[in-house]
Amino acid sequence: MSGTNEQVLAWLKNAEDLTIFAHVSPDGDTIGSSLALWHALGRQAQLVCEDPIPEKYAFLPGAQAFVLPAGARASAYALAVDAADAARALFEAAAHTAVIDHHGTNPGYAQVCRVEPELGATGTLVREILRDGGWQVDADIALCLYVAISTDTGNFSFSSTKRRDMLAVADLVEMFDLAETTRKLFRMKRKEHTLLLGAMLSAAQFAARGRVAYGCVTREMLARAGAQNADIEGLIDSLINMEGVEVALLFSQRESTKLSIRTLQMDAAALAQRYGGGGHVRAAGATLDCPLEEAVRRVVKDVEAEME
């Protein structure tokens with residue numbers, strides 16, 4: 001554990017000119033946690049994300065308030081939420097910085113760091129900070145927190161899920177439409193996402209006698225499915241959930257190659273760190289500055305050697 005809720009609260013008390021930063025390729029935890037804080041702080045802070053908010057999370061109150069860095073202004077206070085590393089010019093230029101996170105690979109890059117790797121979601125930490133600060137949770141905040149915590153814990157099914165994660169939402173679920181929210185988050189899929197999933201799975205390959213499954217998403221696949229980068233989220237679950245698979249790798253062709261990792265036993269974060277990335281023990285990622293084919297060869301070879 002790093003830092004205390006009291007330190008974050010003292011920092012927030014002085015943060016009149018504040019920007020809240022979500023991480024790249026935003027997921028439900030970084031979006032929901034950022035929005036919960038934004039609502040609690042009176043919707044006065046600037047919300048910044050380097051990538052557009054996925055359509056899946058557009059129903060969250062305030063999701064349209066996020067701006068890209070090109071349209072953002074510099075601010076004196078910068079708060080990174082659920083971001084394992086800074087690597088953002090606007091964040092690093094701020095005079096006062098803080099981070100709220102649950103990634104074990106977070107190096108403590110801010111002046112005030114509140115990091116608890118043992119929690120299943122950063123949203124749990126945000127919920128506890130708001131509670132300790134005396135903020136009243138309304139329906140908007142409750143919905144944002146639920147989305148943050150439920151998505152990062154796999155609807156409270158991942159091994160990373162802790163008692164605190166479940167308690168954090170226990171008194172929130174009657175403040176919004178739980179059934180409709182879980183339908184949107186876990187069952188409803190875009191047609192383009194489903195077509196992309198089929199293309200990825202049809203070309204998936206295996207290594208280490210079937211213990212490793214890996215797939216690729218190319219620009220051509222995206223175009224053929226009419227899909228967006230946001231539609232890649234969740235594709236890797238179909239690989240790791242195959243019988244006999246212990247390690248799943250998903251390679252996405254961007255300007256560089258984005259790697260997503262899911263594991264049952266291997267330390268995913270340690271593997272990701274080899275390539276400059278990070279994350280959690282069972283779920284991690286990295287960006288490799290090389291062509292897709294080279295990234296696949298390199299990572300699959302490393303994983304096979306690790307599993308021998």
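Me: To begin with strand pairing, which residue in β4 is the bridge partner of Y77?

Reply: Bearing in mind that the model is a predicted one, the partner of Y77 in β4 is H96.

Me: What makes β3 and β4 (residues 96–101) a pair of strands?

Reply: Pairing requires at least two bridges, and 5 bridges join β3 to β4, the two running parallel. Strand β1 (residues 18–22) is likewise joined to β3 by 5 bridges and runs parallel to it; within that pairing, F21 has A80 of β3 as its bridge partner.

Me: Why is β3 described as largely enclosed by the rest of the structure?

Reply: Because 5 of the 5 residues of β3 (residues 77–81) are buried, the strand is largely enclosed by the rest of the structure. Y77, L79 and V81 point one way while A78 and A80 point the other, and all are buried. In general, side chains in a regular strand alternate between the two faces of the sheet.

Me: Why are W11 and Y77 called buried?

Reply: The cut-off for buried is under 20% relative accessible area; W11 has 9%, so W11 is buried, and Y77 has 13%, so Y77 is buried as well.

Me: What makes W11 and Y77 an aromatic pair, and what is its geometry?

Reply: Ring centres must lie within 6.5 Å, and planes over 60 degrees apart count as edge-to-face; for W11 and Y77 the values are 5.2 Å centre to centre and 70 degrees between the planes, which makes the pair edge-to-face. This pair links distant parts of the chain, with W11 in helix α1 and Y77 in strand β3, 66 residues apart.

Me: Which residues touch the most other members of the largest nonpolar core?

Reply: Of its 48 residues, W11, L18, I20, L35, L60 and L79 touch the most other members. Helix α5 gives the most to this core, with 8 residues. Apart from it lies another core, of 25 residues, among them V247, I261, C290 and M307.

Me: Which residues are in contact with L79, leaving aside its neighbours within four places in sequence?

Reply: The contacts of L79 include W11, L12, L18, I20, F21, F91 and V99. Of these, F21 and F91 form one aromatic cluster with Y109.

Key: Residues numbered from 1 in each chain as written. Predicted model: local features only at pLDDT ≥ 70, side-chain atom pairs only at ≥ 80, totals over all residues. Heavy atoms only, no water. Buried < 20%, exposed > 50% of the residue type's maximum accessible area, 1.4 Å probe, protein only. Helix = DSSP H or I, 4+ residues; strand = E, 2+ residues; numbered from the N terminus. Core = buried A, V, L, I, M, F, W, Y, C linked by side-chain atoms within 4.5 Å. Contact = heavy atoms within 4.5 Å. Phe/Tyr/Trp six-rings, centres within 6.5 Å; stacked < 30°, edge-to-face > 60°.
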